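Please read the points below with the structure open beside you, taking them one at a time. They move from the whole chain to single residues.

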Amino acid sequence: MQFTRLSIKTSLVLTILLVGLLGLGLALTSTTVYRDVILDYKRQSLSELLAVKTADQLDKLEEQAMEMGNSLKTSPRFREALDRQDTATLSAALRQQFHQYFVTAHVLRLERLIVRSTDYELITSASSRKTALTGDGSACPSLAHEAALRQGAKRLKIISKLCNNNGMPYFSLLLPVGGLVPKGYLEIITSPTLSLKPIENDLAIPLCIRLPDEEILYSSNQWPDNRENGLTARYALSTSDGSNTALFIEAYEDTQEMSAELVRTRNTLLLSSAILIALVIFFALALLRRTLVRPLEILNHKLQLLHNDNSSLGEPIHAPSNIIEVNQLVDDFNKMSAELHDLYGRLERMAYTDSMTRLPNRGLFNDYVDHLLAKYNDTGQHFALLLIDLDEFKQVNDEYGHEAGDMLLCETASRMNSVLRTPSMSGQNGFSLAEIADRDLLVRLGGDEFAAIIPAFDNSQQVEEVARKLAEITRQPVQLYNTPLTIHLSIGIALYPADGSGRTSLLRHADSAMYHAKNHGRDYCFYDHTMNDNRTSAHPETSPTQD
């Protein structure tokens with residue numbers, strides 16, 4: 001079968017034209033679906049908003065009921081009557097609440113007030129003249145039952161319930177009377193319908209509150225009979241135990257204007273799509289540049305950056321193209337860059353690591369001190385620099401040879417490293433500055449000289465404790481050629497910023513302190529300005545004498 005040969009340009013233009021026509025057809029058929037999705041999303045959002053506002057109003061209802069109850073139970077007349085179990089006076093006090101502000105100002109729709117004993121038995125009650133409640137008991141009988149099951153301090157907790165009674169919703173609040181030792185309980189029963197009406201003003205849309213049997217308890221003046229030109233969102237308010245629906249709260253929003261706007265948007269979309277197809281055909285000619293020339297420019301720019309600064313080595317470049325050869329070239333470059341990054345990392349670790357003890361070396365020590373100086377200069381934190389010298393090392397070299405001296409250095413380094421919060425010495429690739437972070441650092445400066453950095457310490461006692469542990473752990477005998485050898489450390493300590501603001505001054509002062517310790521037979525010594533960097537004429541220091 002023979003195919004007509006087309007240029008890339010022609011193929012690209014025909015493809016874009018076909019896709020554009022398909023897009024116009026989809027736009028014509030998707031308007032209705034798009035409208036339904038928007039309305040469903042809007043209805044769901046409005047239902048969720050109704051749930052939030054309902055919860056807010058019920059919380060407010062609980063606060064208002066608590067405020068009224070607290071006002072009543074703190075009344076001397078009420079408390080005295082409760083102490084005497086004077087039901088007549090208690091009933092009068094309860095009835096008086098129906099003429100107080102919360103009720104007369106229509107803040108609460110108070111249905112019933114009940115006074116209960118400490119055993120939650122009914123003492124007396126008072127009801128609204130318009131209440132639909134029958135008898136003189138609670139609208140939520142399970143409330144008193146649950147309260148009676150509580151023990152200890154839980155009996156002081158205020159509890160509330162939303163429940164149905166004879167098909168009507170009621171909100172019941174039970175609060176203790178009498179302080180830490182309850183003398184009784186006051187139950188406040190209200191109708192939640194009045195408290196839910198402010199949702200209408202909060203949302204600025206018509207509201208309707210219905211019973212589960214669809215009987216309307218309240219509807220806004222603007223609530224329409226015909227709601228086909230808008231959307232109605234409904235939220236089912238469940239009772240506290242979740243067994244029944246207490247109320248349906250509905251909100252209505254007119255969507256005629258939105259529907260008209262969707263039609264205008266569709267027409268605008270069709271016109272824009274036609275114009276866009278023409279523009280895309282023109283700009284499609286630039287596709288070759290994007291798929292071939294642009295990726296090569298990105299690759300060349302990356303090479304120039306690496307030529308000047310290899311800090312971005314290992315970072316992959318992103319140059320998407322539909323040309324296989326270009327993608328392969330970019331992938332190969334990224335792979336090579338990653339391999340070089342790993343190689344440079346290993347070389348950096350090798351350059352920063354002492355080959356014998358596997359400790360960091362002087363190079364990493366200098367970089368880490370400079371890093372802490374730059375960082376702590378802004379934060380005001382402290383760090384300690386410890387300069388450490390092995391006192392008997394030369395004698396071991398002379399008596400047992402350099403191989404024994406090397407073994408002694410490695411064992412001493414391992415012991416000192418176990419005292420500090422340093423990176424592991426077990427790795428074969430060495431160390432890098434990024435791996436140290438803000439941890440302790442032990443380095444070999446050369447020969448029998450070591451140094452330690454202790455960052456972010458709280459007080460000098462912590463540093464002194466570290467120095468003491470270093471001295472103690474190295475005094476333990478080392479077995480070399482079946483011969484126990486004991487060495488001692490001389491440690492000089494300089495604190496930043498008290499003893500210097502730069503690496504050179506800190507090293508100089510730590511060196512002075514170390515020779516001070518060595519000359520005075522001490523394990524460690526803090527730098528003091530009276531030493532004047534004189535290794536032989538230093539005065540006694542504040543560090544305690546070590547045996």
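Predicted model: local features only at pLDDT ≥ 70, side-chain atom pairs only at ≥ 80, totals over all residues.

1. On the chain as a whole, 43% of the 547 residues count as buried. If we take the contacts in the protein chain with a separation of 6 or more, residues 24 or more positions apart account for 61% of them.

2. The largest nonpolar core has 46 residues, and those with the most contacts inside it are Leu50, Phe78, Leu94, Val115, Leu186, Ile188 and Leu196. Helix H1 (residues 8-73) gives the largest share of this core, namely eight residues. Once residues up to four places away in sequence are set aside, Leu50 touches Ile199, Leu203, Leu207, Ala233, Tyr235, Ile249, Glu250 and Ala251. Another core, of 32 residues, lies apart from the largest one, and among its members are Leu359, Ala413, Val463 and Leu489. As background, nonpolar side chains tend to be buried together in soluble globular proteins.

3. How many disulfides does a search of the whole structure find? The search finds one, formed by Cys140 and Cys163, whose sulfur atoms are 1.7 Å apart. The torsion about the S-S bond of Cys140 and Cys163 is about -80°, and the disulfide is therefore left-handed. Because Cys140 lies in the loop between strand S2 (122-127) and helix H5 (141-148), while Cys163 lies in strand S3 (residues 159-165), the pair ties together parts that are 23 residues apart in sequence. For a reader new to the term, a disulfide is a covalent bond between the sulfur atoms of two cysteines.

4. Are the cysteines buried or exposed? Cys140 is buried, with a relative accessible area of 1%, and Cys163 is also buried, at 12%. Cys208 is buried as well, with a relative accessible area of 0%, whereas Cys410, at 27% relative accessibility, counts as partly exposed.

5. Helix H12 (residues 393-400) and helix H13 (residues 402-419) pack at an angle of about 140°, and their axes are 7 Å apart. On the H12 side the contact is made by Phe393, Val396, Asn397 and Tyr400, which meet His402, Ala404, Gly405, Leu408 and Leu409 in H13. Sorted by class, the contact of H12 with H13 has six nonpolar residues, three polar residues and no charged ones.

6. Ser220 sits in the loop between strand S7 (216-219) and strand S8 (230-238). Its relative accessible area is 6%, and because buried means under 20%, Ser220 counts as buried. The side chains of Ser220 and Glu200 are joined by a polar contact of 2.7 Å. Leaving aside neighbours within four places in sequence, Ser220 is in contact with Glu200, Pro206 and Leu207.

7. Glu472 belongs to helix H15 (residues 460-475) and, at 35% relative accessibility, counts as partly exposed. A polar contact of 2.5 Å joins its side chain to that of Arg468. Although Glu472 and Asp523 are 51 residues apart in sequence, their C-alpha atoms are 9.0 Å apart in space.

Methods
Residues numbered from 1 in each chain as written. Heavy atoms only, no water. Axes fitted to C-alpha atoms, helices over the stretch in contact; angles between N-to-C directions. Helix = DSSP H or I, 4+ residues; strand = E, 2+ residues; numbered from the N terminus. Contact = heavy atoms within 4.5 Å. Nonpolar A, V, L, I, M, F, W, Y, C, P; charged D, E, K, R; others polar. Buried < 20%, exposed > 50% of the residue type's maximum accessible area, 1.4 Å probe, protein only. Polar contact = N/O pair within 3.5 Å; in protein donor to acceptor, adjacent residues only side chain to side chain. Disulfide = S-S within 2.5 Å. Core = buried A, V, L, I, M, F, W, Y, C linked by side-chain atoms within 4.5 Å.
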